[in-house]
Amino acid sequence: MSELKKEDLLKAYRTMREIRDFEERLHKEFATGKIPGFVHLYAGEEAVATGVCMHLNDEDRVASTHRGHGHCIAKGVDILGMMAEIYGKKTGSCGGKGGSMHIADLDKGMLGANGIVGAGGPLACGAALAAKFKGKGGVAVVFFGDGASNQGTILESMNLANIWNLPVIFLAENNGYAESTGVKYNVPTPNIADRAAGFNMPGVTVNGNDFFAVYEAAGEAIKRAREGGGPTLLECKTNRFYGHFEGDAMTYKAPGEVKQQREECDSLKIFAAKATASGLVTAAELEAIDKEVAALIDEAVEKAVAAPNPTEADLLTDVYVSY
Amino acid sequence: MSRKISYKDAINEALSQEMERDGSVIVLGLDVSGGSGSEGQKSDAWGGVLGVTKGLSLKYPDRIIDTPISESSYLGAAVGAAACGMRPVVELMFIDFLGVCFDQMMNQAAKFRYMFGGKAVTPVTMRTMYGGGFRAAAQHSQVLYNVPTHIPGLKVVVPSTPYDAKGLLIQSIRDNDPVVFMEHKALYAMKGEVPEESYTIPFGQANVVREGKDVTIVAIGRMVHTAGQAAASLAKAGKECEIIDPRTISPIDWDTILKSVEKTGRLVVVDEANPRCSMACDISAKVAQDAFKALKAPIRMVTAPHTPPPFSGALEDLFIPSAAKIEAAVKATM
């Protein structure tokens, strides 16, 4: 925690709170039937996106997943635009043409949530290759889940990243479930990070519910990448508090599993306890953030609901730059 | 314009001139240099499996990048690099290998601009080899250009001559959308007039290869030449064929095709691909819909049969549309 200043801690907490409240609110709003399509919530995993993206600037690129809201928020994508996008509105980040699974903001270095599991690996390698040509120390991070860890694209990308010595971080978010299938069934090694050995790159596993553990490990990997030291596989073991998608009854989870995780592994609670114990921030300061974030999320939903739908003219635009 | 070079050299020259002009142009692919990491010649050992990129790694050693046999990762890396400011030309050795990396073309490159609300620019050129005639059998001879054509967000270019190959490849590299650039393996050795200077050919402008009043033949890629043989033979019998080479099939120049059919009243479409859901069907449907009243006879399609490409030369020669089959189709419209 030594290098983190008070403003860093408040920023990290705000980001984690924004993600949590965004997702908790979506869970409620989805149940009302007003939100179209498929929605995959990141609640429970906040420390991962936040701990990694705290090290990144707008020139650094992130390739995300179908469970991408947290990555977007942590990378600085506008929350009002995100909410409007999820509601399918014209004012959304993508004009209502992408939705929850495709939120992107290239100016912020967010290469997009992605509906194809594992597809971000090659894209992040390309972003890292571009950064390497640019020569200004930029990096790329690909977030992927325990499910995606078995996709050929991820494995091929780890190979490519190492042989080309690319500044890319393979960030495995191991929440224990590939949709409904447990990681113990899907992955033969104790840790996903064990696979790094097969690609001759550093592999590290940390508690993904602990912001400080993620921050430290990600910082080391990102620093190495910026300095030309090549890729790292960083595995963050975490939990998701909701189903694979909204509407998933989570029949595959043990009774009380999520309740226990919320009590014992809640990344926000762990953060608040450690941050206040450090003496750098107070509980009152965190509560003030809670209130500001709650108001922001209220505003996001109100504006999203009130925003206009895209129109027929929007259907045919932006397929090509020119055609 | 008297200099004649091969289709292969025209592609090489286009790459070289664009790499010279623009430092963000990189070339990625299997063996595009060849020899990387080897004990012998480490640079330009192959210059592409058929030598199309020969010599480029000597001129641009950092920008001609050998890849592992890992199409998903390197094709996707080209797409990602394109979205981050580079202008990659990525080589998928054979279009048949699309099966192992299609997601990065179909769901990533093609979709970014639309699904991100018009904010993404992905100027990637995906060069690939297609077509029959090499006795290369079912997994190295397919045509498949109709597959990317079906997908909004991709442009598809099918040059039939060295001149078109150079001008269209330069246009592809400069274009700000993802382009699939289809090279027929049996055309690489073909020579034709090609200016030394750099030039572009706009997409969506068909070439009227031969003018005629009796029948319109739309032919794609290598089939333009096969149709030319048929037309020459038919001309001796007094039948004047108008041959149209669309040159790009996404976008496609409907106006030139429709105008020709309105003049001739007859259409034969020649497509080396399998017949179902093909360019032959696509062009026939468009003409049937928009120029029905001009038609004096049913449209005829000359395509490969609905089989995989066979190995034996005795079979492959039957599989690929021939000049004789085109002649017969033309006669059937008379």
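## A buried serine in chain A

Ser149(A) is buried in this predicted model, at a relative accessible area of 1%. Here buried means under 20% relative accessible area, exposed over 50%, and partly exposed anything in between (1.4 Å probe, protein chains only). You'll find Ser149(A) in the loop between strand 2 (140-145) and helix 6 (152-163) of chain A. Helices (H or I, at least four residues) and strands (E, at least two) are DSSP runs, numbered from the N terminus.

The side chain of Ser149(A) reaches back to the backbone oxygen of Asp146(A), at 2.6 Å. Leaving out residues up to four places away in sequence, Ser149(A) touches Phe144(A), Leu155(A), Val187(A), Ile192(A) and Arg195(A), where contact means heavy atoms within 4.5 Å.

Helix 9 of chain A (residues 257-264) has Glu257(A), Val258(A) and Gln261(A) buried. Look down the axis of helix 9 and those buried residues sit within an arc of 90 degrees, so they line one face of the helix; the arc is taken over the directions from the helix axis to the C-beta atoms. As a reminder, an α-helix has 3.6 residues a turn, so residues three or four places apart point the same way.

On the other side of helix 9 of chain A, Lys259(A) and Glu264(A) are exposed. The cover over the buried residues includes strand 4 (177-178) of chain A.

## The sheet in chain B

Over in chain B there's an open sheet of seven strands, in the order 3-2-4-5-7-6-12 and with mixed pairing. Its edges are strand 3 (64-66) and strand 12 (248-250) of chain B, each pairing on one side only. Two strands pair if DSSP finds at least two bridges between them.

Inside that order, strand 5 (residues 125-130) and strand 7 (residues 179-184) of chain B run parallel and are joined by six bridges. Thr125(B), for one, stands opposite Val179(B) in strand 7 of chain B.

## Salt bridges

Over all chains, the structure holds 35 salt bridges, each a side-chain nitrogen of Lys or Arg within 4 Å of a carboxyl oxygen of Asp or Glu. One of them joins Lys6(A) and Glu285(A) at 2.4 Å, N to O. This pair links distant parts of the chain: Lys6(A) is in helix 1 (residues 6-31) of chain A and Glu285(A) in helix 11 (residues 283-306) of chain A, 279 residues apart. Lys6(A) is partly exposed at 33%, and Glu285(A) is partly exposed at 25%. A local pair is Arg25(A) with Glu29(A), at 2.9 Å, N to O; both lie in helix 1 of chain A, four residues apart, about one turn of the helix. Glu29(A) counts as buried, at 12% relative accessibility.

In chain B, Lys263(B) pairs with Glu242(B), the closest N and O atoms being 2.5 Å apart. Lys263(B) lies in helix 9 (residues 254-264) and Glu242(B) in strand 11 (residues 241-245) of chain B, so the bridge ties together parts 21 residues apart in sequence. Lys263(B) is partly exposed at 44%, while Glu242(B) is buried at 5%. Shared partners also join Glu18(B), Arg21(B), Asp22(B), Arg87(B) and Arg174(B) into one network of salt bridges.

## Ground rules

Residues are numbered from 1 along each chain as its sequence is written, and chains are lettered from A and ligands numbered from 1 in the order in which they are written. The model is predicted, with local features needing pLDDT of at least 70, side-chain atom pairs counting only at pLDDT 80 or more, and totals for chains, interfaces and linings using all residues, while side-chain values use heavy atoms, leaving out hydrogens and water.

Methods. A polar contact is a pair of N or O atoms within 3.5 Å; within protein, one must be able to donate a hydrogen and the other to accept it, and residues adjacent in sequence count only if both atoms are side-chain atoms.
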